[in-house]
Amino acid sequence: MAKRRDRRLVQSSDRREPRGDPSTQVDQFSESAASDRKLIAIFILFFIVIPAVSVLVYRIKYAPNTYGTESHARQDGRVKTDLKYEEILSENSKVSKNASHRQYTYPVLAYITPWNSKGYEMAKRFTNKFTHLSPVWYDLRSQGTELILEGRHNADRGWISELRMKGGALVLPRVVLEAFPSEMLRKKKLRDKAIELVVSECKEMEYDGIVLESWSRWAAYGILSDPDMRNKALKFIKQLGHAIHSVSSSRSSKQPLQLVYVIGPPHSEKLQVHDFGPEDLQSLNDAVDGFSLMTYDFSSPHNPGPNAPLKWIHFTLQLLLGTTGNARTLAHKVFLGINFYGNDFLLSEGSGGGAIIGRDYLSLLEKHKPFLRWEENSAEHFFLYFDDENKKHAVFYPSLMSISLRLEEARSWGTGISIWEIGQGLDYFFDLL
Ligand SMILES: *[C@@H]1O[C@H](CO)[C@@H](O)[C@H](O)[C@H]1NC(C)=O
């Protein structure tokens, strides 16, 4: 019994709030421990009833009007851990009739890449499920001593106007800052130029702002370990944010353009100087409208495993939002990253393999008819198979269940979500949004 109680305590301190049905928890508990009623009564009161009641009160008071648990997919029993490959093959293209109905009422940012054109189609089909759409179109690079913004050739104005006729999602193309950072951050002329290039592209193309990715590049160049350069980097983002905010949207003169900034999860349990931490979040709060948090790619071919273990996601959010007092109030600005792609890793004879998308996954299911397993620790589905050369593979790809649990994690913190990327998923994933 003691063991059981310990486990429960660990579980409940591990989670922000009990998400299971509190009444079944009570039932299970009292059933197993009939011998020590007094202790149990106290235990139940303090650890189950009081938290359950406060959660209930909290939910009634603050809850949005819909919950993932009521989604179409869940109603017809598709969201589950004991999943069979046949079910995925027969169900994946069946989606709810109403493509506008939102299950997830927090902000939803979806990335679209030119190399997976299905994403453009999904953005149109499910426009009203998204608040922000980010086509991956631009690079800001050094050319000699100058800077150039490359990517206009990717931009698709026809697609944008179709989206705008259908719904209100903001279109914020992603810009990667590839320019040599030590030059750019040191010279005012180059910083001003970078900002001018971005702002004038937004005006000319009538974008609603941009999603900027630079932190990972700056970390790769090693400039973030120098405190002076790190400060200059933060200052540049602030300057860009204020310049972007000074322009109003072409659609509504009251609405300023937006800056969403891409951030990565910390590299280890303790924050390193090049990691983006809670103080950075705080410091950029005024200049940045949202933070797109890349909580995926936990594993790699050299270290095969789940793409984004739920506990790691929780830990990352705890580190960013849970430490300082009012950082918690920044949660609504965070877009928690969810992958719609998976990985097919080679397990035998060295390492190898890599990312797969929905159609690759479906053909693997058809060919190998695998037994799907649910990995409790990471909260992800996976399967093993042997290829034609008898080499062993492990395939991790999102399922309705794995996505639902991540949506619930995001909901419990009050964050939005970001999806990388909507051309890579299965159609029925969109029912959960
Ligand atoms: C679809 O969902 C939207 C948003 O929830 C709702 O306003 C609309 O009435 C629904 N349409 C149908 C046909 O049910």
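Let me start with I417. Leaving out residues up to four places away in sequence, I417 touches Y104, V108, F335, L336, I338, L407 and A410. Touching here means contact: C-beta atoms, placed from the backbone, lie within 7 Å.

A word on the model. It is predicted, so local features need pLDDT of at least 70 and side-chain atom pairs count only at pLDDT 80 or more, while totals for chains, interfaces and linings use all residues. Residues are numbered from 1 along each chain as its sequence is written.

Back to I417. It belongs to the largest nonpolar core, which has 100 residues. Such a core is a set of buried Ala, Val, Leu, Ile, Met, Phe, Trp, Tyr and Cys residues joined through C-beta atoms within 7 Å. A110, I210, Y261 and I417 touch the most other members. Helix α15, residues 400-413, gives this core its largest share, 6 residues.

Now the whole protein. It has 15 helices and 15 strands. These are DSSP runs, numbered from the N terminus: helices are H or I, at least four residues, and strands are E, at least two. Of the 433 residues, 38% are buried. Buried means 20 or more other C-beta atoms within 10 Å of a residue's own; exposed means 12 or fewer; partly exposed is in between; the C-beta atoms are placed from the backbone. Take contacts between residues at least 6 apart in sequence: 73% join residues at least 24 apart.

Last, V273. Where is V273 found? In the loop between β7 (258-263) and α12 (278-284). V273 is exposed, because it has 11 other C-beta atoms within 10 Å. Beyond its neighbours within four places in sequence, V273 contacts L224 and S225. V273 and L224 are 49 residues apart in sequence, yet 7.0 Å apart in space, C-alpha to C-alpha.

Technical notes. Two residues are in contact if their C-beta atoms, placed from the backbone, lie within 7 Å.
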